[in-house]
Amino acid sequence: MDSDTPEQVTIRIQGLLKEMLGRNAVDHEDLISILFTATSDVVSLFPATAARKLGLGDVPLLCARELDIVGATPRCLRVLMHITTTRARSELHHVYMEGARELRDDLPE
């Protein structure tokens, strides 16, 4: 994320959610809940607010703070999506965008 502004948080969260839903063919009705985390340098907007603007207001949304670890990726937003599916875990695709790809180089694209 280039800077901590409401616009940047909205763009990044909505882009990440759209990619996660699309890449995994998840329908709105499949969503159980979504957990968002942000590093301590993100204070301009709750990530859940951006998700609500995307039409996810009826899904339970929770925001939390990442641990403040020396050397951690700055201005990092994460999403953990709980879904109902019959697919195996190996059939689901993790999504890392922008500089977050460095967080998990052990996972396939």
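Predicted model: local features only at pLDDT ≥ 70, side-chain atom pairs only at ≥ 80, totals over all residues.
Helix α1 covers residues 6–23, 18 residues in total. From its first C-alpha to its last, α1 reaches 25 Å. This is close to the 26 Å expected at 1.5 Å a residue. Ala-25 follows the helix, and its phi is positive, near 50°.

Several residues of α1 are buried. They are Gln-8, Val-9, Thr-10, Arg-12, Ile-13, Gln-14, Leu-16, Leu-17, Met-20 and Leu-21. These buried residues pack against three elements: β1 (31–38), α2 (47–56) and β3 (77–83).

Two packed helices are described by the angle between their axes and the distance between the axes. The axes of α1 and α2 come within 9 Å and cross at roughly 55°. The two helices are therefore oblique to each other. The crossing of α1 past α2 is right-handed. On the α1 side, Val-9, Thr-10, Ile-13, Gln-14, Leu-17 and Lys-18 make the contact. On the α2 side, Pro-47, Ala-50, Ala-51, Lys-53, Leu-54 and Leu-56 take part. By residue type, this contact between α1 and α2 divides into 8 nonpolar, 2 polar and 2 charged residues.

Gln-8 lies in helix α1. Its relative accessible area is 15%, under the 20% cut-off, so Gln-8 counts as buried. Leaving aside neighbours within four places in sequence, Gln-8 is in contact with Met-1, Asp-2 and Ser-3. Gln-8 and Ser-44 are 36 residues apart in sequence. In space, their C-alpha atoms are 9.3 Å apart.

Note on methods: Residues numbered from 1 in each chain as written. Heavy atoms only, no water. Helix = DSSP H or I, 4+ residues; strand = E, 2+ residues; numbered from the N terminus. Expected span 1.5 Å × (residues − 1). Buried < 20%, exposed > 50% of the residue type's maximum accessible area, 1.4 Å probe, protein only. Contact = heavy atoms within 4.5 Å. Axes fitted to C-alpha atoms, helices over the stretch in contact; angles between N-to-C directions. Parallel < 35°, antiparallel > 145°, perpendicular 65-115°, else oblique. Left-handed = near helix turned anticlockwise from the far one by under 90°. Nonpolar A, V, L, I, M, F, W, Y, C, P; charged D, E, K, R; others polar.
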